[in-house]
Amino acid sequence: MTHPAPSQRIQFSIARLEAWAPDVATADQWEEWIRGERAIGETGEPALSQMPAMLRRHAGRLGRLSCDVAYRVLGDLTNVPMVFCSRYGEVHRSVDLLTLLANAQDLSPTSFGLSVHNAIVGLFSMARKDTANAIAIAAGDESAEFGIVEACTLLADGASAVLLVVADCPLPSIYDGFVDHDPVALA
């Protein structure tokens with residue numbers, strides 16, 4: 001494997017930035033958070049009214065966070081490659097499924113299909129009827145960094161723009177002993 005020479009740099013610009021967390025959704029609220037004047041709440045999720053109701057009902061909390069910011073960034077733009085990053089993905093769905101399995105109960109095929117790591121970007125693509133390249137990344141606590149690398153790779157490969165969404169939610173309580181970061185929901 002060859003490594004880039006130290007003089008080579010990855011460069012990109014951010015055309016639009018959107019963020020959402022409970023109790024911190026507007027630009028002014030994010031400024032207050034930066035100054036330490038506002039805390040990220042523990043509960044809540046965006047309404048995700050941009051997504052058709054039939055698909056929106058399948059979006060879990062992480063999906064709502066991710067898709068809300070994606071809709072706000074893209075607006076009417078289509079055919080923009082998408083990179084969705086999450087350290088844990090829809091782990092809440094997976095825990096629910098494993099609990100059902102452990103109790104010898106039937107599993108929902110829909111819930112299983114929505115528990116996989118690329119489900120959110122797939123749901124977003126279907127809702128928008130957008131067939132652009134879509135990638136899901138899970139790289140532990142470096143998911144955001146690897147998402148940036150992937151987005152820059154797409155740009156270097158000729159994409160004129162790339163949507164990058166980084167989102168996570170707190171782990172289910174069964175994993176409390178493994179939490180090594182501030183457990184907040186945000187995108």
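**Exercise 1. Which residues does Glu 90 touch, not counting residues up to four places away in sequence?**

Step 1. Look for contacts, meaning heavy atoms within 4.5 Å. Glu 90 touches Gly 60, Leu 62, Gly 63, Leu 114, Ser 115 and Ile 120.

Step 2. Glu 90 sits in the loop between β1 (82-85) and α4 (91-102); helices (H or I, at least four residues) and strands (E, at least two) are DSSP runs, numbered from the N terminus.

Step 3. Check its accessibility. Glu 90 has a relative accessible area of 9%, so it is buried. Buried means under 20% relative accessible area, exposed over 50%, and partly exposed in between, with a 1.4 Å probe and protein chains only.

A word on the model: it is predicted, so local features need pLDDT of at least 70 and side-chain atom pairs count only at pLDDT 80 or more, while totals for chains, interfaces and linings use all residues. Residues are numbered from 1 along each chain as its sequence is written, and side-chain values use heavy atoms, with hydrogens and water left out.

**Exercise 2. Describe how helix α3 and helix α6 cross.**

Step 1. Recall what is needed. Two packed helices are described by the angle between their axes and the distance between the axes.

Step 2. Read off the values. The axes of α3 (residues 61-74) and α6 (residues 119-128) come within 10 Å and cross at roughly 45 degrees. Axes are lines fitted to C-alpha atoms, for helices over the stretch in contact, and angles run from 0 to 180 degrees between N-to-C directions.

Step 3. Name the arrangement. α3 and α6 are therefore oblique to each other: angles under 35 degrees count as roughly parallel, over 145 as roughly antiparallel, 65 to 115 as roughly perpendicular and the rest as oblique.

Step 4. List the residues. On the α3 side, the contact is made by Leu 62, Gly 63, Ser 66, Cys 67, Ala 70, Tyr 71 and Leu 74, and on the α6 side by Ile 120, Phe 124, Ala 127 and Arg 128.

Step 5. Sort them. The contact of α3 with α6 has eight nonpolar residues, two polar and one charged. Here Ala, Val, Leu, Ile, Met, Phe, Trp, Tyr, Cys and Pro count as nonpolar, Asp, Glu, Lys and Arg as charged, and the others, Gly among them, as polar.

**Exercise 3. Is α6 enclosed or open?**

Step 1. Count. Eight of the 10 residues of α6 are buried, so this helix is largely enclosed by the rest of the structure.

Step 2. Name them. The buried residues are Ala 119, Ile 120, Val 121, Leu 123, Phe 124, Ser 125, Ala 127 and Arg 128.

Step 3. Find their partners. These residues pack against α2, α3, β1, α5 (109-113), β2 and β3.

Step 4. Look just past the helix. Just after α6, Lys 129 takes a positive phi of about 55 degrees, although Lys 129 is not a glycine. Lys 129 lies in the loop between α6 and β2 (134-137), and is exposed, with a relative accessible area of 73%.

**Exercise 4. How many aromatic pairs are there?**

Step 1. Apply the rule: rings of Phe, Tyr and Trp (its six-membered ring) pair if their centres lie within 6.5 Å, and planes under 30 degrees apart count as stacked, over 60 as edge-to-face and the rest as tilted. The count comes to four aromatic pairs.

Step 2. Take one of them. The ring centres of Trp 30 and Trp 33 are 5.3 Å apart and the planes are at 80 degrees, so this pair is edge-to-face. Trp 30 and Trp 33 are three residues apart in helix α1, and are separated by about one helical turn. Trp 30 is buried at 16% relative accessibility, whereas Trp 33 is partly exposed at 37%.

Step 3. Take another. Tyr 71 and Phe 124 also form an edge-to-face pair, 4.9 Å centre to centre with 75 degrees between the planes. Tyr 71 lies in α3 and Phe 124 in α6, so the pair ties together parts that are 53 residues apart in sequence. Tyr 71 is buried at 9%, and Phe 124 is buried at 0%.

Step 4. Join the rings. Ring pairs link Tyr 71, Phe 84 and Phe 124 into a cluster.
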